[in-house]
Amino acid sequence: MTGATSVAIGLPAHSRSWRGLSLPAKLFIGLVVIVGLATLVYGGVHQSSKNIAEFICYLGIAILASRLKVNLPGITGTLSVNFLFILIGVLELSFSETLILGAVSMLAQCLYPERPKAIQVTFNVCAGSMSTALAYVVYHHPLANQLVGNRPVLLGVAATIYFIANAGSIATVISLTERRPLIRILVDCYFWSFPYYLVGAGIAGAVAWLNQTFNWETSLLLVPAVYVIYRSYRLYLGKLEDEKRHVEEMANLHLRTIEALALAIEAKDHTTHEHLQRVRVYAIEVAKELGVIGPELEALHAAALLHDIGKLAVPEHIISKPGRLTPEEFEKMKIHTLVGAEILERVRFPYPVVPIVRAHHEKWDGSGYPMGLKGAEIPIGARILSAVDYLDALASDRQYRRALPLRDVMQKLAAESGKSFDPKVVDVLQKRYQYLERLAVAKSAQDPNGPLSTSIKIERGLEPAAGFENATVQDYAGRENTFLSSIAAARQEAQSLFELSQDLGASLSLTETLSVFSVKLKPMVPYDAIAIYIRREDELVPEYVNGDNYRLFSSLRIPVGQGLSGWVAHNRKPIINGNPSVEPGYLNDPSKFSTLRSALAVPLEGVSGVIGVLALYRAERDAFATDNLRILLAVSSKMALSIENALKYAQAENSATTDYLTGLPNARSLFLQLDRELARCKRDNSSVTVMVSDMDGFKQINDRFGHLEGNRVLRLFAQALKDSCREYDYVARMGGDEFVVIAPGLAADAAGKKAEQMRALARQAGSEVCGEDILSLSVGRAMYPEDGNDAEQLLAGADRRMYMEKQKQLSYKDRRSHPRLKCRVTIEMQTEAGGTPLFANVTDVSLGGCFVETSNILAPGTKIKLGFSMDDATLSAEGVVARLDPGTGVAVQFREMNREGRERMFKILEFVQKTTTFFNNRYIDSLTKT
């Protein structure tokens, strides 16, 4: 099979005439035509014929075979069967006969079924004649026969030469016209057909063998076989064409999906309709100029449409703000790059769109966001898109400024070259921005899809199913609408508001404050029920409820953002005449029914944000008026401040009697509770058991695992101990790792079992945090009235017995990994941040760490280097601050050491001991002399 093609193969419509071709293409075509004509002239002058009948027969069959064509993939050329007969001519006919056969069959292929232009026919005939002549010369030249003695191999070489000359000439014209790589054209459009040239050479060899063995007429028996092969191959290519069409349809669907996503962006930000069109045209043309091809160009095409899709996650008031953004708004705006990339990652594009969208706000000098890429680290598509996006932003109208002229825009763009943008991209834009602008305007005018119908007014639809918000002012029965009554009502309202504001600041008790507020508010804003919700983390908890459906509202726990009150807290906006039944907790719950039909809710905003919601309820529908809302808004800020102060007071009062780490009562609460319990026992003539416990091995947990893990152990044990006790038992933390349990009426044998349970809880907490059996518990017990009559006697007796038990646990007496050396040595301390060295005193030291007295504040986790001697630099150690005692110093944990490090540490300990002994002796001598 042969690749006879026309010059229009792969050319754009405007380049299929002589004038539309580039100068290099014209020169190459002219050269091929001259060589082809010279070859034909030479063949015409040196005519010869071996067998005229055989020539005429093969010529007729070749002309017919020229009509047996299939379309080439990717271009507009065709592939026919006439190459087989050209190769037969190379083997059996003379040079002039073979040349005529090739030229005539090529002419027949070009003229059927279309009528190409003269330049196309001329080029194809000349290129085919040149290819035929080259194949003939290679096969018959004496030098070729000497180099390649095997005739079948020589025939394959001749077929290869024909393929290269014929297909290469067409591919060269396409490359020169469209500026596409020649090798890429050959590989994509022609190389797949090369095996069929070799198969044709094999068939031609078989025909020649039949001619030599029998006669040339016998070879005609292969013609039907050739036709069958052609039909089979045509059916195969037809299936490939159907699959290709399906792939193209899917690709078009993919592109339309991208455009639909772009319309979603347009619906969010109306300024981006023209923006997307201009950015797409500019970006694609600049990319072509820079040599971007293949998947990267496709990725840029999609990214130009979708790079702002992340703005769907940015609040609309920020996007459409008619002014410059605040720092907080800009932080929110910056997330659109990451959100856009996350959205598009789910699409799974077959080309790299996501990196472009993620990096389209990166800058050439590395000062962009979100990742701070610089230079060539930024994808080429993102570099192009960022510059084009900047150009379009300045050249388009914005809410806060008018568009700048393109000339001024290019000056600003050039000023950012090498800073924000790739200099190569800026150079291309400076050279071609006028042409690109005309092209963008033309493409925008051709776009059949106008802006979305977001501003259209729909006449149908009278009201939503739930009805409109009703905020009309209602006149009460018997009220006269005169200016005198209006003045009296205003004075009464002002007086009531003044009294209310005075009463709100009179008490720090939250319950008392809310109760007074509800009583004072009702004459001004009548209600059937009131609920004041306090925000606890992400929930609204009813702190004060009064009126109808008291139990119903008291049981609610409303997530922020859900229901009526949750929406008010989340959006910081009031709701008037809302539906109370939408509150989470009894929505669509048949067991919970409310007779209330309207609600008025306002947010309570304090210094630290929304601290709660004030909600009033009425049984009538649309019962609240705008005046009611105005009054609530007038008192809400004062109300919020009073609630905030009451909450802070309650927190301070609670912290005075509560341990901040475990949430258990502290030592102060313990003594008060124990006094109350003893007073009750004396009245009732009953007993109480006091159990004092202390953790064994807790210091080793702090030293080995850090204080954060130690705090975790304390919290776990405290919670487990509290859960294991009876409801009327009292569990407190005395301080450190000591816990006390007050157990009324607990007998001695039950107290022993309780002590064993407490020990098991301690071991479990230590094992859960540290992963090993490192913790135990010593427990001492004292009972009223046998062991004492007051709190101090009972606690002292229990504490004494606890320490007696601790002494029996020899394995827990000292859990230090290394013995410590008491000392006082001045050292030099250097932090990892560098700077001036600090001087401090070491008070104790071991192989594992030391304690340094210093007034400097060093955060836990800070890496430091300690120099113990100014004369010997080897006497130094590196470590990490494990604990900070403000005003006292820091505990330092040394790094894990190998054998050499331990030897160096032993030298340091020896040095510290000698130095401490020396100064101690010197100090004693000075005291003796005085």
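Predicted model: local features only at pLDDT ≥ 70, side-chain atom pairs only at ≥ 80, totals over all residues.
When I say in this talk that two residues touch, I mean that they have heavy atoms within 4.5 Å of each other. Thr862 sits in the loop between strand E15, residues 849-853, and strand E16, residues 863-867. Its relative accessible area is 17%, and because buried means under 20%, Thr862 counts as buried. The side chain of Thr862 also reaches the backbone oxygen of Ala859, at 2.6 Å.

Let me step back to the whole chain. It has 930 residues, of which 44% count as buried, and it contains 29 helices and 18 strands. If we take the contacts between residues at least 6 apart in sequence, 65% of them join residues at least 24 apart. The chain exposes about 49,300 Å², and carbon and sulfur atoms supply 55% of that area.

Now to the cores. The largest nonpolar core has 55 residues, and those with the most contacts inside it are Phe85, Leu101 and Tyr190. Several helices give two or more residues to this core, among them helix H1 (23-45), helix H4 (95-111) and helix H7 (151-178), and H7 gives the most, with 11 residues. For Leu101, leaving out residues up to four places away in sequence, the residues touched are Phe55, Tyr58, Leu59, Ala62, Phe85, Ile86 and Leu93. There is also a second, separate core of 49 residues, which includes Leu300, Ala303, Leu373 and Leu394.

Pro405 lies in the loop between helix H16 (380-395) and helix H17 (406-415), and at 47% relative accessibility Pro405 counts as partly exposed.

Next comes an open sheet of 6 strands, with antiparallel pairing and the order E5-E4-E3-E8-E7-E6. Strand E5 (558-559) and strand E6 (575-578) stand at its edges, each with a single partner strand, so one side of each is left without a neighbour in the sheet. Within the sheet, strand E7, residues 598-606, and strand E8, residues 609-618, run antiparallel and are joined by 9 bridges, with Leu604 standing opposite Gly612 in E8. Helix H20, residues 510-521, packs on this sheet, touching strand E3 (529-536), strand E4 (539-547) and E8, and its direction makes about 55 degrees with that of E4. Helix H22, residues 563-571, packs on the sheet as well, touching E3, E4, E5, E6, E7 and E8, and the direction of H22 makes about 145 degrees with that of E8.

Finally, I return to strand E16. Which residue of E16 is the bridge partner of Glu828? That partner is Gly867, and Glu828 has a bridge partner in E14 too, namely Phe839. Strand E13 (residues 821-831) pairs with strand E14 (residues 838-845) in the antiparallel sense over 7 bridges, while E13 and E16 pair, again in the antiparallel sense, over 4 bridges. The hairpin of E13 and E14 has 6 residues between the strands, and there Gly834 takes a positive phi near 85 degrees.

How values were computed. Residues numbered from 1 in each chain as written. Heavy atoms only, no water. Buried < 20%, exposed > 50% of the residue type's maximum accessible area, 1.4 Å probe, protein only. Polar contact = N/O pair within 3.5 Å; in protein donor to acceptor, adjacent residues only side chain to side chain. Pairing = 2+ DSSP bridges. Axes fitted to C-alpha atoms, helices over the stretch in contact; angles between N-to-C directions. Areas by Shrake-Rupley, 256 points an atom, 1.4 Å probe, with all protein chains shown as cover. Core = buried A, V, L, I, M, F, W, Y, C linked by side-chain atoms within 4.5 Å.
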